[in-house]
Amino acid sequence: MTPSPPVCRLSLRGVSGLYTYLWPYYANRLFPCFDQPDLKAIFDLTVRAPKEWIVVSTGAGRSAPVGDEVREWRFTTTPRMPTYIFSLHAGEYRVWEDQVESRTPLRLFAREALAANVDVDEWFETSRTGLAFYEEYFGIAYPFEKYDQLIVPDFAIGAMENAAAVTFAEGFVQRQLSTRFQRMDRNNVILHEMAHMWFGNLVTKKWWNGLWLNESFATLM
């Protein structure tokens, strides 16, 4: 008999939004797992959230109403991956979808209060260019079904390479015209985190002391 997968239930009453940050050794606080980079798992996720919220994870999601105030989101099964790059993001976000036809759907998310200052066109152009470059350079197609990027409040570090749902600190969005240095810094981080989709997420370090190779490779790329 095949054992049933573990089920994790998390109550979010009174919370206005959330995002996961499971690096380096926090995934075990969210669900039972072997929290080691090279011990990989697949995930099936269902989320019930307030109807105004957008919910994002590694897999592509679809939602349907459950009552008057709640929507249920169901996500496609993930590929096998390290537990620490699992992602769950939810809240009231502005969502942009790249209108340029591409094999990999691109979306960008930010709070409404920040939306007017996000350079969406440049962000998507950098992302499209990066995906095309890495696929050609590595000779391996992008390993996930979509590529989301979320600009989230109060993020502890600059960015995090969650599989197919990368998070960025709001400090990468300026409330005035970005300087050349700020644009270079932002684009550098976008491409750094994207490199991890191959090296770090698809090909994985064995243990946390291999972090230096993971990060230096992304910076090199």
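How many aromatic pairs does the count come to? I pair rings of Phe, Tyr and Trp (its six-membered ring) if their centres lie within 6.5 Å; planes under 30 degrees apart count as stacked, over 60 as edge-to-face and the rest as tilted. By this rule I get 23 aromatic pairs.

I note the basis here. The model is predicted, so I require pLDDT of at least 70 for local features and 80 or more for side-chain atom pairs, while totals for chains, interfaces and linings use all residues. Residues are numbered from 1 along each chain as its sequence is written, and side-chain values use heavy atoms, with hydrogens and water left out.

**Aromatic pairs.** I looked up tyrosine 19 and phenylalanine 155: the ring centres are 5.5 Å apart and the planes stand at 70°, so the pair is edge-to-face. Tyrosine 19 sits in strand β1 (residues 18-19) and phenylalanine 155 in the loop between β11 (147-152) and β12 (159-160), 136 residues apart. Helices (H or I, at least four residues) and strands (E, at least two) are DSSP runs, numbered from the N terminus. For burial I use relative accessible area: buried is under 20%, exposed over 50%, partly exposed in between (1.4 Å probe, protein chains only). Tyrosine 19 is partly exposed at 24%; phenylalanine 155 is buried at 10%.

Phenylalanine 199 and phenylalanine 217 are stacked, at 4.1 Å centre to centre and 25° between the planes. Phenylalanine 199 is in the loop between α4 (180-195) and α5 (211-220), and phenylalanine 217 is in helix α5, 18 residues away. Both belong to one aromatic cluster, which also includes Phe133, Tyr134 and Trp198.

**Helix contact.** Helix α3 (residues 120-138) packs on α4 at about 40°, with the axes 10 Å apart. Axes are lines fitted to C-alpha atoms, for helices over the stretch in contact, and angles run from 0 to 180 degrees between N-to-C directions. I call the two helices oblique, as angles under 35 degrees count as roughly parallel, over 145 as roughly antiparallel, 65 to 115 as roughly perpendicular and the rest as oblique. Contact (heavy atoms within 4.5 Å) involves, among others, Trp123 and Tyr134 of α3 and Ile190 and Met194 of α4.

**Backbone.** Which residues does a cis peptide bond join? Tryptophan 23 and proline 24, with omega about 0°. Aspartate 154 has a positive phi of about 55° and is exposed at 76%. Alanine 164 also has a positive phi, near 65°, but is buried at 0%.
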